[in-house]
Amino acid sequence: MGAALAVLNRLAGASALDRFGLRKPVERGVHEATRVGFTAAGRVFTAVRGRGVSRLPDAPERGLFDLTPTDEQRMIRSTVEKFAAERVRPAAAAADAACAPPVEVVARAAELGVSALGVPEALGGLGTERSAVTNALVAEALAHGDLGLAVACLAPSAVGTALALWGDADQQATYLPAFTGENVPVAALAVQEPGALFDPFSLRTRAYRTPGGFVLDGVKSLVPRALDAELFVVAADVDGRGPALFLVEAGTAGITVEPEPAMGLRAAGTGRVRLARVSLPASAVLTGDYAECVRLSRIAWSALAVGTGQAVVDYVIPYVNDRVAFGEPVSHRQGVAFKVADMATELAGMRLLTYRAAALAEQGKPFAREAALARRQCAEHGMRIGDDGVQLLGGHGFVKEHPVERWYRDLRAVGVVEGIVLV
Amino acid sequence: MINLEVPAKFAQLVDQAHQAAAEFFRPNSRKYDREEHTYPKELDLLAALLDGLSASGGGAGAGGVRRETVAKRGNQNGANLRLLLGTMEMCWGDVGLLLSMPRQGLGNAAIASVANDEQLARYAGKWAAMAITEPDTGSDSAAIRTTAVLDGDHYVLNGEKIFVTAGERADCVVVWATLDRSKGRAAIKSFVVDRTTPGFELVRLESKLGIRASDTAHFRLTDVRVHRDNLLGSPDIDTGFAGVMQTFDNTRPLVAAMAIGVARAALEETRALLNEAGVDIDYDRPWTTQPAAAATFLHLEADWEAARLLAMEAAWLADNREPNSLQASMAKAKAGRTATEITLRCVELAGAYTENSLLEKWARDAKILDIFEGTQQIQQLIIARRILDKSSTELK
């Protein structure tokens with residue numbers, strides 16, 4: 001772990017890390033002890049004038065079909081895989097039960113630099129170019145440990161990535177430096193809303209223009225670590241003219257947060273965030289391509305599904321080989337073996353669709369279709385893999401002694417949730 | 001560096017294959033579906049044209065699957081991927097006509113893959129079909145009953161072969177036969193038999209559900225004398241079957257490519273018909289908020305894309321001299337079942353059940369692609385044995 005961390009630091013260029021200086025978090029809010037129903041609280045971000053906006057350039061265009069990750073990607077992936085196996089998986093069941101991620105797991109992920117990959121070097125991050133493929137590989141590897149904890153670890157980096165991609169100079173200078181250190185703020189990209197047939201392009205959360213800026217009204221659902229969050233990026237419809245993203249500090253008046261435990265993703269500590277006449281300055285709006293945000297998020301969810309799907313397949317194979325019924329391993333029956341074959345085949349397809357969309361995105365090419373198809377496939381077949389995983393373990397799949405029931409619950413999120421994570 | 005786009009260097013080939021499919025296959029598609037067993041003479045001109053191109057998009061390919069032993073020089077996009085992409089385009093035109101392309105038979109693939117140099121020269125320019133299946137033996141190819149007995153410089157072949165694609169039109173047929181039925185797969189050899197050899201009798205041509213442009217022959221072999229130089233691979237029992245089967249690691253992705261081609265034809269046609277009917281496919285709106293036809297289409301298109309990328313991966317691995325048996329079977333399994341699902345669903349979505357549209361034909365054509373060169377269930381067996389680490393005696 002140490003060696004790989006050192007490599008990540010070297011990638012970053014050690015001098016870059018503190019270029020803007022990390023602001024120390026101010027006193028946390030008084031509501032930490034009894035958090036239900038109170039205003040979310042966090043550090044205060046002091047507005048800073050930026051000296052110019054920093055954008056990551058597109059990754060280089062490539063001419064050949066290739067499924068080989070770069071040496072750097074391989075190294076980052078193996079670091080995260082090790083972390084996922086040693087720290088994430090062992091903590092997953094307890095975090096699921098507690099509806100909260102262990103602080104040390106999230107802190108360790110931040111130390112590894114997962115939040116800094118999407119932030120340009122000029123702003124103290126690790127990024128030299130768009131890295132959607134690397135981000136997808138990281139999400140996949142983390143989700144192999146646990147999907148809920150992966151979401152908890154990756155939620156802040158989505159906000160960092162959003163600022164890097166769509167923030168102006170002042171927004172980047174004010175908020176981004178905090179995302180490149182080890183004390184990464186608890187932050188979340190809040191797009192999802194409660195209710196049937198949610199469509200991220202037809203938001204019920206509204207932003208009204210006022211002389212001083214905007215007023216936001218609405219409800220956001222399934223926000224990870226909502227009760228601890230310090231910063232939100234909230235999607236809202238602006239004056240009925242379509243969605244935009246807003247930087248909303250958690251301590252802003254009018255924000256209340258409540259726990260919203262769900263079928264799965266419980267380790268992410270999901271909460272509902274209510275915005276009641278929340279006044280924001282004009283500088284709070286991010287001027288980016290909102291559709292791009294939704295699409296990048298869908299690729300990230302696809303990558304999470306691939307990682308969790310792989311966890312199911314890896315768990316089921318030894319189980320069906322060891323489990324004996326009618327005098328031989330159940331895997332000697334075609335009814336079992338063919339199901340495992342289909343799980344592996346569909347998983348391989350999900351992975352290729354996800355990588356294709358990510359590779360197009362980072363090269364700056366159109367990827368709306370590819371992101372949609374990746375998510376469609378990963379939602380459908382990811383869920384089926386989770387379903388088959390429980391089925392193949394029979395009654396043992398239904399009890400919490402084995403992790404497959406958790407994966408079953410978690411994988412349902414892929415077809416439901418928008419936002420939260422980005423590649 | 002990860003990238004899953006069609007390489008720029010193959011763009012011209014893809015374009016040429018597409019034009020050939022559009023100009024030669026599509027206009028003749030319905031005609032030869034109706035006139036089963038009629039020779040599609042238009043293909044002679046096309047075949048002559050393609051022979052002049054460095055890479056044809058032909059069926060199993062006349063030369064694309066040979067595994068050369070050259071030093072690897074970084075990431076390769078080579079003959080396997082090129083042939084795969086060409087096959088997809090041609091089958092967007094018509095699967096049955098592709099299978100009828102002169103000199104592009106599966107037997108040509110076997111010869112290209114396992115023949116020695118002398119045999120390669122002797123069969124250059126010949127059209128070779130492949131005869132494996134027998135009336136009582138399909139997927140279980142190790143159990144074939146056609147026998148070959150050495151008599152002087154000749155093998156004497158006796159038996160019956162069915163489902164021989166282009167068997168009547170081909171110049172020769174690669175016939176699988178056993179030297180000793182008690183020795184199982186180790187004794188199975190393949191022999192190139194000229195169509196004119198005495199005792200090699202065409203029993204009949206099948207009438208089929210689909211790919212009716214492609215002839216499917218039934219042969220009886222009665223004391224057919226084949227010179228020993230016509231045996232492909234080693235004449236010794238105990239060696240060679242793996243090599244013969246390896247041919248299929250390279251041709252399975254091509255059958256997947258056929259499925260991907262015909263499925264794309266159906267998706268394109270259906271999208272156009274849905275657009276006419278006022279239903280547009282939106283990639284950004286959640287499928288749950290779109291009309292059922294659009295949501296279904298997105299579902300089909302995602303499956304199609306998965307099949308396409310799996311096939312490209314299998315071909316790419318072959319180009320890079322990596323083992324690809326697992327990926328080849330995954331590609332064939334996914335593409336076979338997906339093409340059937342897509343083409344049948346497209347008939348339903350478009351309401352195109354009549355012969356006024358090609359959609360109903362494509363739904364009939366697609367079914368064979370989930371059957372020949374290893375059925376869906378055989379692919380599942382291969383995949384399952386590999387990932388579960390089981391032998392054929394453990395997982396039957």
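Modeller: Leaving aside residues up to four places away in sequence, A:Ile299 touches A:Ala132, A:Ala136, A:Thr354, A:Ala357, A:Ala358, A:Ala361, A:Ala371, A:Ala374 and A:Val423; two residues are in contact here if their C-beta atoms, placed from the backbone, lie within 7 Å. Before going on, please keep in mind that this is a predicted model, in which local features need pLDDT of at least 70 and side-chain atom pairs count only at pLDDT 80 or more, while totals for chains, interfaces and linings use all residues. Residues are numbered from 1 along each chain as its sequence is written, with chains lettered from A and ligands numbered from 1 in the order in which they are written.

A:Ile299 belongs to the largest nonpolar core, which has 269 residues. Such a core is a set of buried Ala, Val, Leu, Ile, Met, Phe, Trp, Tyr and Cys residues joined through C-beta atoms within 7 Å. Buried means that 20 or more other C-beta atoms lie within 10 Å of the residue's own, with 12 or fewer for exposed and partly exposed in between. Alongside A:Ile299, the residues with the most contacts inside the core are A:Ala139, A:Phe246, B:Ala259 and B:Ala311. Helix 8 of chain A (residues 334-362) gives the most to this core, with 17 residues; helices are DSSP runs of H or I with at least four residues, strands are E runs of at least two, and both are numbered from the N terminus. In soluble globular proteins, nonpolar side chains tend to be buried together.

Stepping back to chain A, 57% of its 423 residues count as buried. The chain has 11 helices and 10 strands. Among its contacts with a separation of 6 or more, 78% are between residues 24 or more positions apart. Its C-alpha trace spans about 75 × 45 × 40 Å along the principal axes.

Now for the partner chain: 39 residues of chain B are in contact with 39 residues of chain A. On the chain B side, helix 8 (292-319), helix 9 (325-350) and helix 11 (376-388) each give two or more residues, and helix 8 of chain B gives the most, with 11 residues. By class, that side has 23 nonpolar, 7 polar and 9 charged residues, where Ala, Val, Leu, Ile, Met, Phe, Trp, Tyr, Cys and Pro count as nonpolar, Asp, Glu, Lys and Arg as charged, and the others, Gly among them, as polar.
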